[in-house]
Amino acid sequence: MFLKFKHEVKSALKSALDTTGYSIDDLYIEESAHSDLASSLSFRLASKYKQNPMTIAITIADAITIPENSLIDRVEVAGAYINFFVSKKFLNDTIYEIFEKQDSYGAGHGKGKAIIEHTSANPNGPLHVGHIRNSIIGDTLARILKKVGYDVEVQYYANDMGRQIAIVAWALDRFEFDRRKKTDHAIADVYIRANQELGDDPDLSQQIDEMMQKIELGDERMIERFDRATDLAISGITSTLERMNIHHDRFVYESRFVKDGEVADVLQELEGSGLAETIDGALTVRMPEFDKDLVIRRSNRTSLYVTRDLAYHRWKAEQCDRMIDVLGADHKLISSQLCYVLRVCGIKEPEIVIFEFVSLPEGSMSTRAGKFIPADDLLDQVEKQALVEVTKRRPDTGEDFRKRVSVPVGIGAVRYDIVKISPEKATTFDWESALDFDKLGAPFIQYSHARARSILRKTSGVPDSIDPSVLTGDAEISLVKQLARFSHVANTAASDLKPHIMAIYARELAEAFNQFYRLSPVLSAPDNLRDARIGLVECARIVLAGVLDVLGIDAPESM
RNA sequence: GGGCUCGUGGCUUAGCCAGGAUAUAGCGCCGGACUUCUAAUCCGGACGUCCCGGGUUCGAAUCCCGGCGAGUCCGCCA
């Protein structure tokens, strides 16, 4: 509804410009604290036409004609801004639309197929608190894209033939694998130990090199060893992701691009077209833009990560309209080099979402060095703390209830706490704030939803039709306005690939509902107002549930 | 050394790409509201050189230049 309103504002403004004879390429329409939409175009016109901006604003505002049944109520000029306000019809239509569309409310104009790749952590240990920033950003983006209408496929690109996996495979033969532990954690144990042992020993390093050559040549025994290592890690990673409501539609293994010859094709193509040349025995792409050339085939003929990644992207590009990669900041250079090669080959480039690092107070994390906090530990601790919080706040409930509620509250808190931060911000993990439920935002939103549910449980059902025009209180109106923003926010989040704006919207929506809740009694209101308010609560419930779903956060019925 | 990112009240943070009206919100701090649909709530208050210095502009947190500080990358690793 907000988008429709914006369109009406645009066309009203345009025709007013036509009648007044001003012309400008942009209408400078923006959201404002002073109105529902505002335009600052009179400032631009002022310098262009050498006139007073206030005079221009008034002239244009006077020329605006609001059609019958418009979503625009009125136009006002303040400080040379032209302010637009929504009409009663806007509010009513918003409620009707939510009633009609129910769970599908908020869908946007996304079309086509989107492939989004996220997490893709090396299978050499469990996910740690840095990896899950990738997972949560990626999963939220996938959900946002789905919401706005894309056909979304989520992929995990698993590195099953890199040096790290060779080390894991080597370690599995050498050290005891602790079967009592979750498999990904046990993998990390042997991997860390192997790295200690390998140290700078060139003889041992030579063994790893030999393993990598064998895997590249398709040695059966070696493939089995690598696969075993990969599977053990991936199965542990998958179960961690499941706990966070994160699902991948497809695991794409790097090795397939070597096996099926796509890597060879890419190399041949680059070599044949003269884009790559042999330097010191290694096939290299000259990169004038980066003052650093890119090796795509080692002198021992094995491929590199980036080579396989090229084949992967070439394969993906043909299957989708939008190709999105969520990557850590350490991938900035290599991913722009990848894009450079794709570009010169005439292959579609991915849209890349870069997130900055999560570090520990004592420094950056490293799986190899064993310096990391496993995501499983964080989830365990947060769930435990959530149980303490639920127990404290709901002494009236039984143990079953508390345990059942503490899981979504804990997991939701983790997801929200991570997604609410803009990806380009580097963060530091610390236990105290990770477990401080006064700071965590998700319960606030979940609580609003639970309150809406609670009211609805006490009614004999939502009326079939309501008269929204009796909803005239400030809190009611600002709640409806927030409800109307959903698809607008989803569309912006999808086109800019910014999941955090959805998190911020969720908070603002919950805030509007809580204010309404405090100010506007529902059950004790007189008949027609009571019905209308029940209807509004139902709308809020639908949208709160919808937003939480887009954020991948469960919405408890009660908490 | 070069590239990229970040720098906003005590802490965390929105806004920056597409410059505009009193700079967003949470935590913490001070004070108020539960005989009323769950107070994980709501209301009010204090707290700001938007890192610094120039420039562009009628107007700069936002754009440009130069600093400073933090993070990160610069492998025939991934």
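Two strands are taken to pair if DSSP finds at least two bridges between them. Helices (H or I, at least four residues) and strands (E, at least two) are DSSP runs, numbered from the N terminus. The model is predicted, so local features need pLDDT of at least 70 and side-chain atom pairs count only at pLDDT 80 or more, while totals for chains, interfaces and linings use all residues. Residues are numbered from 1 along each chain as its sequence is written, and side-chain values use heavy atoms, with hydrogens and water left out.

Strand β4 (residues 81-86) runs antiparallel to strand β2 (residues 37-39), to which 3 bridges join it. Strand β3 (residues 72-78) also pairs with β4 in the antiparallel sense, over 6 bridges. F84 in β4 is the bridge partner of L37 and stands opposite V75. The hairpin of β3 and β4 has 2 residues between the strands, and G79 there takes a positive phi near 55°. Of the 6 residues of β4, 5 are buried (under 20% relative accessible area, with exposed over 50% and partly exposed in between; 1.4 Å probe, protein chains only).

The axes of helix α6 (residues 163-174) and helix α7 (residues 183-198), lines fitted to C-alpha atoms over the stretch in contact, with angles from 0 to 180 degrees between N-to-C directions, come within 8 Å and cross at roughly 95°.

The structure holds 0 disulfides (pairs of cysteine sulfur atoms within 2.5 Å). The cysteine sulfur nearest to that of C339 belongs to C345, 12 Å away. C339 is buried, at 8% relative accessible area, and C539 is buried at 1%.

Conventions:
Chains are lettered from A and ligands numbered from 1 in the order in which they are written.
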